[in-house]
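Thanks, everyone, for making the time this morning. I would like to walk through a few local features with you, so please bring up the sequence and the structure before I start.

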Amino acid sequence: MSPASLVFPLAYLVSSILFIVGLKFLSHPARARQGNLLAALGMAIAVVATLVLVWLPGAGFHNQGLILVGIALGGAIGALFGRRVPMTDMPQMVALLNGAGGGSAALISTAEFLHAAHLGVRPDGVAVTATIFGCVIGAISFSGSVVAFGKLQGIVSEKAVTSVLLRAANVLLSLGLVAAIVMLGRGGGAEWFWALLGIALAFGVGMVMPIGGADMPVVISLLNSFTGLAVAATGFALSNHALIISGTLVGASGTLLTMMMCKAMNRSLANVLFAGVGGGAKTAAGAGGKAGAAARGVRETTTEDAAVLLSNIQSLIVIPGYGMAVAQAQHAVRELADLLAKKGVDVKYAIHPVAGRMPGHMNVLLAEANVPYDQLFDLEQINGAFPNTDVALVIGANDVVNPAARTDATSPIYGMPILDADKARHVIIVKRGMGAGFAGIDNSLYYDPRTMMLFSDAKGGISKINEALKSGG
């Protein structure tokens, strides 16, 4: 047995262990940075081992220069965007990176099949199945992620597209996928594989278009699991154990996260994919602005009044939402918490599983502002504390605090577990206007007698409250 036959499996084993440990560390905010570094180290080991294998005499690999160019180019682009993309646009970046992984898997599967067809070799059943699976799932992940990016970036409408024409097209595409797979299974050639790739790309677009912006966190998680499964399939096609293990880890973790997020919304995955939540028009309250608020008896407050209230409390629960991310208000929120802590106020943060535009969005933003990890609580941990809390401060959140989820059986979010902000003694909502959330429905919390609306962007409003507190408010 040659040294190479021992070294490379060992290197892949070490990298796989680092992937697993890194993923475990990512499950807790305090160790997430370490987990990311461990996983990156594992990937570096796997890449270096593969490059060494490529350069071994008689390995049969060609175009090593192109491989190095690709690594250098991809690394430079990743580093550039990683440093320059603001946290508000991180969901879009995650969608693009996820799509790149799925697209790579689809291209590798396609290249493997076409190469075998060019040589006149018919791969065995496992190889054919792996290349077909990698092509279909990878292509769906790529095109679906591009659409998700478009919805998050505002290039494509966030509304769920639920036209009869699109539904009919999706049915035809599904039948086309089945037909192409059957023909390939019966010995079809390269033309059928090209057809399979094209249909899968189109189906990815058709699958994500009917999903509204409120469900983008679930979509991102689902497409992430698709990418992992596609990568694992290419690992089987290439007989690469590192790809199989890493792809399986991503696929499994993405699937579990998707299930957890669906549970957090009390909806099935089928409902997320096919119900078209968020496809309707915004409610009248959403268009009414301050004038509509006054007409419906909403209590408006000022930053000075809010500061006076906050300076005379003992407990505060901050509920961040997408509005905080858009305004980049996390640092102002952290300053507010520090000011109140000096006054003896107990400050906690309540994080809903689907707050923001990607899984863990609020955690990432608050971590950027160096919010202590022991102040972050998820829904199950924090909901029991609201009845004994003086103020619930809602910053840019909407659907995740909407009492209609508990009281209105006709609401599209009925049954979704929410943060019980309405059970606090006082509620302050920092919001630009009376617009509806991503689900497109009115929020009865706005009209609760204990609720005060501070109409402002999150950063500006919280910053003015901080100024008032510093001046003795």
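This is a predicted model: local features need pLDDT of at least 70, side-chain atom pairs count only at pLDDT 80 or more; totals for chains, interfaces and linings use all residues.

As for disulfides, a search through the whole structure returns 0 of them.

Let me turn to the helices, where H6, spanning residues 164–185, and H7, spanning residues 190–208, have axes that come within 9 Å and cross at roughly 155°. Because of that angle, H6 counts as roughly antiparallel to H7, and the crossing of the two is left-handed. The residues that meet there include Leu-166, Leu-173, Leu-177 and Ile-181 from H6, and Trp-192, Phe-193, Leu-196 and Phe-203 from H7.

Next come two loop positions. Thr-389 sits in the loop that runs between helix H16 (379–382) and strand S4 (391–395), and with a relative accessible area of 4% it is buried. Leaving aside residues up to four places away in sequence, Thr-389 is in contact with Ser-315, Leu-316, Ile-317, Ala-424 and Arg-425.

Ser-311, for its part, lies in the loop between helix H12 (303–310) and strand S1 (315–320), where its side chain makes a polar contact, at 3.1 Å, with the side chain of Asn-312. Finally, Ser-311 and Ala-369 are 58 residues apart along the chain, and their C-alpha atoms are separated by 22 Å.

Key:
Residues are numbered from 1 along each chain as its sequence is written. Side-chain values use heavy atoms; hydrogens and water are left out. A disulfide is a pair of cysteine sulfur atoms within 2.5 Å. Helices (H or I, at least four residues) and strands (E, at least two) are DSSP runs, numbered from the N terminus. Buried means under 20% relative accessible area, exposed over 50%, partly exposed in between (1.4 Å probe, protein chains only). Contact means heavy atoms within 4.5 Å. A polar contact is a pair of N or O atoms within 3.5 Å; within protein, one must be able to donate a hydrogen and the other to accept it, and residues adjacent in sequence count only if both atoms are side-chain atoms. Axes are lines fitted to C-alpha atoms, for helices over the stretch in contact, and angles run from 0 to 180 degrees between N-to-C directions. Angles under 35 degrees count as roughly parallel, over 145 as roughly antiparallel, 65 to 115 as roughly perpendicular and the rest as oblique. A crossing is left-handed if the near helix is turned anticlockwise from the far one by less than a right angle, and right-handed if clockwise.
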